[in-house]
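Colleague: I'd like to learn how to read a few features off a model like this one. Could you take me through them, general idea before particular case?

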Amino acid sequence: MASSGRPPSSSWVSSRPKSPRGRGGFVIGRLPERLLSLAVLIAMLAGWELLIRLRGLPPLVLPGPDLVLREVAEQISSGFIWSHLWVTLAEVLLGFAAGSALGIGLGALVAHSARLGGVLRPYIVASQAMPKLAFAPILVIWLGYDLAPKVVVTALISFFPLLENTVAGLQAVDPDQIELFRSLRANGWQSLLKLRLPSAVPFVVAGLRVALILSLVGAVVAEFVGANKGLGALIVGAQGTMNTPLMFAVFVVLTMVGIALSLLADFAERLALRWRYGEE
């Protein structure tokens with residue numbers, strides 16, 4: 001029997017009904033998904049409140065959801081948390097930008113030259129094997145308590161996913177396309193700029209998504225070590241004063257920031273892939 005040219009699919013995939021939302025949609029639709037997510041959130045909050053009531057836990061140990069939400073609203077309305085939030089966001093964006101530039105640039109060089117990759121690989125692995133939290137106090141001694149040490153830690157944490165994804169993307173080019181470029185007498189840099197880099201866009205975008213979220217983690221962890229501003233410093237201060245509701249309120253704000261960064265990464269991914277593959 002002649003092949004239809006389509007990839008084989010399992011019986012489960014082929015037996016699924018087509019989505020009424022068109023190609024790429026889900027059977028249950030977007031609205032039910034969001035309702036299910038909301039139901040999960042309500043169940044988690046109810047379980048949280050039930051645990052407090054059954055165990056008789058005081059707010060010092062575990063504040064209730066209502067107390068945490070009131071604390072979040074108070075911190076936002078008073079404006080106290082905003083100055084800390086802007087500092088953390090500045091560290092995240094600066095560290096992410098530096099780590100992205102370093103990761104993509106170094107990844108392109110490593111993929112372009114196997115010898116250079118062999119020379120640099122031990123140092124790259126060593127830089128990631130070293131715990132960033134242990135290195136942060138030295139950076140504070142060298143660079144002070146301003147943004148600089150936090151930006152450096154954030155960049156070190158975020159650059160490795162981009163490096164690995166860039167190398168993988170640049171090395172995953174179709175060999176037939178490489179041979180075509182060679183037949184056209186394209187040199188190494190022309191092949192890199194016009195073939196390998198465009199082909200690596202999905203890999204790089206995936207690395208950017210991971211690096212952006214890791215940048216938030218890196219900034220907050222760096223603030224734990226030495227900072228007088230930022231959400232991480234606010235958590236340490238709340239711990240010192242035994243203000244557990246404030247700590248949970250900062251956790252909520254950090255979660256909201258992480259969700260916002262994830263949505264931003266989704267938007268950037270759609271733009272990049274639309275540029276790479278066209279409207280289809």
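Colleague: Let's start with Arg 53: is Arg 53 buried or exposed?

Modeller: The general idea is relative accessible area: under 20% is buried, over 50% is exposed, and anything in between is partly exposed, with a 1.4 Å probe and protein chains only. Arg 53 has 62% relative accessibility, so Arg 53 counts as exposed. Keep in mind that this is a predicted model, where local features need pLDDT of at least 70, side-chain atom pairs count only at pLDDT 80 or more, and totals for chains, interfaces and linings use all residues. Residues are numbered from 1 along each chain as its sequence is written, and side-chain values use heavy atoms, with hydrogens and water left out.

Colleague: Which residue forms a salt bridge with Arg 53?

Modeller: A salt bridge here is a side-chain nitrogen of Lys or Arg within 4 Å of a carboxyl oxygen of Asp or Glu. For Arg 53 the partner is Glu 49, with the closest N and O atoms 3.1 Å apart. Glu 49 is partly exposed, at a relative accessible area of 23%. The two sit four residues apart in helix 2 (residues 30-55), so about one helical turn separates Glu 49 and Arg 53. Helices, by the way, are DSSP runs of H or I with at least four residues, strands are E runs of at least two, and both are numbered from the N terminus.

Colleague: How many salt bridges does a search of the whole structure find?

Modeller: Four. Among them is Arg 70 with Asp 66, at 3.7 Å from N to O. That pair also lies within one helix, helix 3 (residues 65-78), four residues apart, about one turn. Asp 66 is partly exposed at 44% relative accessibility.

Colleague: And which parts of the chain does the pair Glu 164 and Arg 121 link?

Modeller: Glu 164 and Arg 121 form a salt bridge with their closest N and O atoms 2.7 Å apart. This one joins distant parts of the chain: Glu 164 is in helix 7 and Arg 121 in helix 5 (residues 114-129), 43 residues apart. Both ends are partly exposed, Glu 164 with a relative accessible area of 27% and Arg 121 at 30%.

Colleague: Now the inside. Which residues have the most contacts inside the largest nonpolar core?

Modeller: In soluble globular proteins, nonpolar side chains tend to be buried together. A nonpolar core is a set of buried Ala, Val, Leu, Ile, Met, Phe, Trp, Tyr and Cys residues joined through side-chain atoms within 4.5 Å. The largest core here has 27 residues, and those with the most contacts inside it are Leu 216, Leu 231, Val 250, Val 253, Leu 254, Val 257 and Leu 261. Helices 4 (80-112), 7 (147-171), 10 (201-225), 11 and 12 each give two or more residues to this core. Helix 12 supplies the largest share, eight residues.

Colleague: Which residues is Leu 231 in contact with?

Modeller: Contact means heavy atoms within 4.5 Å. Leaving aside neighbours within four places in sequence, the list for Leu 231 includes Ile 81, Leu 85, Val 250, Val 253 and Leu 254, along with His 84 and Glu 223.

Colleague: Last one: what is the phi of Met 242?

Modeller: Most residues other than glycine have a negative phi, and most peptide bonds are trans. Met 242 is not a glycine, yet has a positive phi of about 60°. Met 242 belongs to the loop between helix 11 (231-240) and helix 12 (244-277), and at 53% relative accessibility Met 242 is exposed.
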